[in-house]
Amino acid sequence: MDLSSESVKKILGKYKFRDVAIEELQKVHRIHPEFVPQTGTYTFSDSTQKDLLKLVGNIPVRYHGRSYNLPILLWLMDSFPFTPPICLLRPTPNMVIREGKHVNARGRIYLPALHNWDHPKSSVPGLLAEMISKFEEDPPLSSKTSGDSKDPTELLAFVSKLKIGESRVKPDGPVNKVTVIGGGDLGMATVMSLLAKGSVDKLVFIDLTDSSTKGGTMDLEIFHLPKVEVSKDLSASAGSKVVVVTANAWSNEQSYVGVVQTNVDLYSGVIPTVAQLSPQAVLLIASQPVDIMTHVAWRQSGLMPSRVIGAGCNLDSERLNYIINVNLTAHNTGKQGWVLGELSDNKVAIMANMGPEIMQLSNSTKPLTDRAFEILKEKGQRSWSVGLSIADITNSILLDQRKIHSVSTLAQGWGGIGVEVFLSLPCALGATGSMRLASVALASEDDSKLQESVASLTSFLSQLRV
C-alpha cells in the first residue's frame, strides 16, 4: 500500500497511533491490495469536520451464482486502529441503497464487528470478511433501471471519486423526537428531566397501564406542558430518535424468575412494535433488572446491539467522579472514574486515562477509587436521580456528542467475555447509538466479579421465555 504521497504522510502524521495504524494498513494491503488510501475531509453529523485517511476499494460479493464488485469507503478515525472505521457504500446516481439490518438509508454500514471492535483482536481484514458474508446474504445495493424494483441481483459496478459526508438531513416534523414508555414515577421523572435538558423538540409520553392518575400522566394532560404529547397508543412513538422504556409490570409471582418473566411478557407486546415504528431509534432501557431487560429488548427488537442500551451504571459513574473531584478534593487528576459490570453488588469501580475512544487503566489511583466507591455505596437511587441520568444519556445521543457513558451494552468480546450478555461498559454515545471502548486488563478481584456476573446473568436468562 502506497503511503508515500505527501498528503497521506501529512495526515497520517497526526494519527495518535501512527506506527500501529501503518502496520494495520499494510495488513489490509496484503489481503486486499485493491484498496487505495486517500485523504479527505470527513463531515460529522454535528457539521464539524476533520481531515482523515480513507480506504477506497471493492469487496467481491457472490449472489445467485454471480460475482459483483461492491464499492466501499472506510473512513479511518485519528485513533485508528483502536477505533473502528466508519464504513459507507458508494452508490452511483442510477443506483439505490437497499436499507436493511446492516445498512441505513444513507449507506452507512453497521456490523457486529464494528460494535464489538477491540484491537488487536479486531482488524480491517476481519471486518471486510464479515461484510462480504453479510452482503452475500442480503445485498445492500440495486439498480433503479427497472422501476425502482430494488432487485438485489442488479448490484453496482465500481465508481471512484464520490464525496461522502455525514451532513445532517432534517426530517419532516420535529428534529429531536423522544418517546418515554412507562407511566410510573420513573417515567414522570424522565419526562421532567428531558424537558429540563432542553434538547427535545417533541416528547411523547406513553402510559400503557390504567393507573394514569397515580403515574401522573393525567396531570400532564391537565396542565398542557409544551412539546409533550400524552398517549396510550404505541403508534405515537413513530419516528423517534430515542425511545426510553421505564415500564415495569411486576406480578404477584412468588419466584424472582416469575416476577421478571412478567416484565419480559410486557416487553413482547411493546419492543417489536416500537422497533418497527422507529427503526433508526436508539432504545434506552431503564426497566428492572436493567441488564436482563436490555438483553431482552435487544433480542425482541431485531436491532443492531449498538442501538439497544441500558441506563446501567451511568448514574453511579457520574456520582463516583463527583465524589472523587469534590468530596475527596482530587481535582485535575487527568483520569476518569467508571463503574462497570452488572447493576448489583458485583459492579466494580476503576480509574482510567481517557482518550476520545480508548482508556488505559490507572492502578496508581486504586486507593482513591476504593475510598470513593465506599462512599458511593451509601448513596441510594431515587426515580428523579435515575431520570436525570437517563436525560444525560439521551442528550448525548440527540446531539451526537460521542460522550462516553457507562451503559449496559452487549459485552461479548470485551475482556474475554465469550457469551451474549449485557453489562455496563464505557461507550461513546451518538446519533447512531453506542460504540464500545476497547477492553482493559482489570485487577483479578474486579475481573472475578465481572465473570461471576456473566455466569449469573447467563443462567438467569436461560430460565426466561424470551
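**Figure 1. Overview of the chain in the predicted model.** The secondary structure of the chain comes to 14 helices and 18 strands, where helices (H or I, at least four residues) and strands (E, at least two) are DSSP runs numbered from the N terminus. This is a predicted model, in which local features need pLDDT of at least 70 and side-chain atom pairs count only at pLDDT 80 or more, while totals for chains, interfaces and linings use all residues. Residues are numbered from 1 along each chain as its sequence is written, and side-chain values use heavy atoms, with hydrogens and water left out. Of the 466 residues of the chain, 55% count as buried; buried means under 20% relative accessible area, exposed over 50%, and partly exposed in between (1.4 Å probe, protein chains only). Among contacts between residues at least 6 apart in sequence, 67% join residues at least 24 apart, contact meaning heavy atoms within 4.5 Å.

**Figure 2. Crossing of helix 5 and helix 13.** Two packed helices are described by the angle between their axes and the distance between the axes. The axes of helix 5 (residues 185–197) and helix 13 (residues 383–398) come within 8 Å and cross at roughly 45°; axes are lines fitted to C-alpha atoms, for helices over the stretch in contact, and angles run from 0 to 180 degrees between N-to-C directions. Helix 5 is therefore oblique to helix 13, given that angles under 35 degrees count as roughly parallel, over 145 as roughly antiparallel, 65 to 115 as roughly perpendicular and the rest as oblique. The crossing of helix 5 and helix 13 is right-handed (a crossing is left-handed if the near helix is turned anticlockwise from the far one by less than a right angle, and right-handed if clockwise). Helix 5 contributes Asp185, Leu186, Ala189, Thr190, Ser193, Leu194 and Lys197 to the contact, and helix 13 contributes Ser383, Trp384, Val386, Gly387, Leu388, Ile390, Ala391, Asp392, Thr394 and Asn395. The residues of this contact of helix 5 with helix 13 divide into eight nonpolar, six polar and three charged, where Ala, Val, Leu, Ile, Met, Phe, Trp, Tyr, Cys and Pro count as nonpolar, Asp, Glu, Lys and Arg as charged, and the others, Gly among them, as polar.

**Figure 3. Crossing of helix 10 and helix 14.** The axes of helix 10 (residues 290–301) and helix 14 (residues 444–462) come within 11 Å and cross at roughly 55°, which makes helix 10 oblique to helix 14. The crossing of helix 10 and helix 14 is right-handed. On helix 10 the contact is made by Asp291, Ile292, His295, Val296 and Arg299, and on helix 14 by Leu457, Phe460 and Leu461. By class, the residues of the contact of helix 10 with helix 14 comprise five nonpolar, one polar and two charged.

Figure 4. Not counting residues up to four places away in sequence, Met293 touches Val260, Asn263, Val264, Tyr267, Ile285, Ser287 and Gln288. Ile285 lies in strand 11 (residues 282–285) and counts as buried, at 0% relative accessibility. Leaving aside neighbours within four places in sequence, Ile285 is in contact with Val245, Tyr267, Val290, Met293, Thr294, Ala297, Ile309, Gly310 and Ala311. Ile285 and Ile181 are 104 residues apart in sequence and 9.8 Å apart in space, C-alpha to C-alpha.

Figure 5. Most residues other than glycine have a negative phi, and most peptide bonds are trans. A cis peptide bond joins Phe80 and Pro81, with omega about 5°, and Pro81 is found in the loop between strand 3 (66–76) and strand 4 (86–89). Another cis peptide bond joins His119 and Pro120, with omega about 10°; Pro120 has its place in the loop between helix 3 (112–115) and helix 4 (124–137). Lys227, a residue other than glycine, has a positive phi near 75°, lies in the loop between helix 7 (217–223) and strand 9 (228–231), and counts as partly exposed at 43% relative accessibility. Arg402 has a positive phi near 60° and is placed in the loop between helix 13 and strand 16 (403–410), where Arg402 is partly exposed, with a relative accessible area of 35%.
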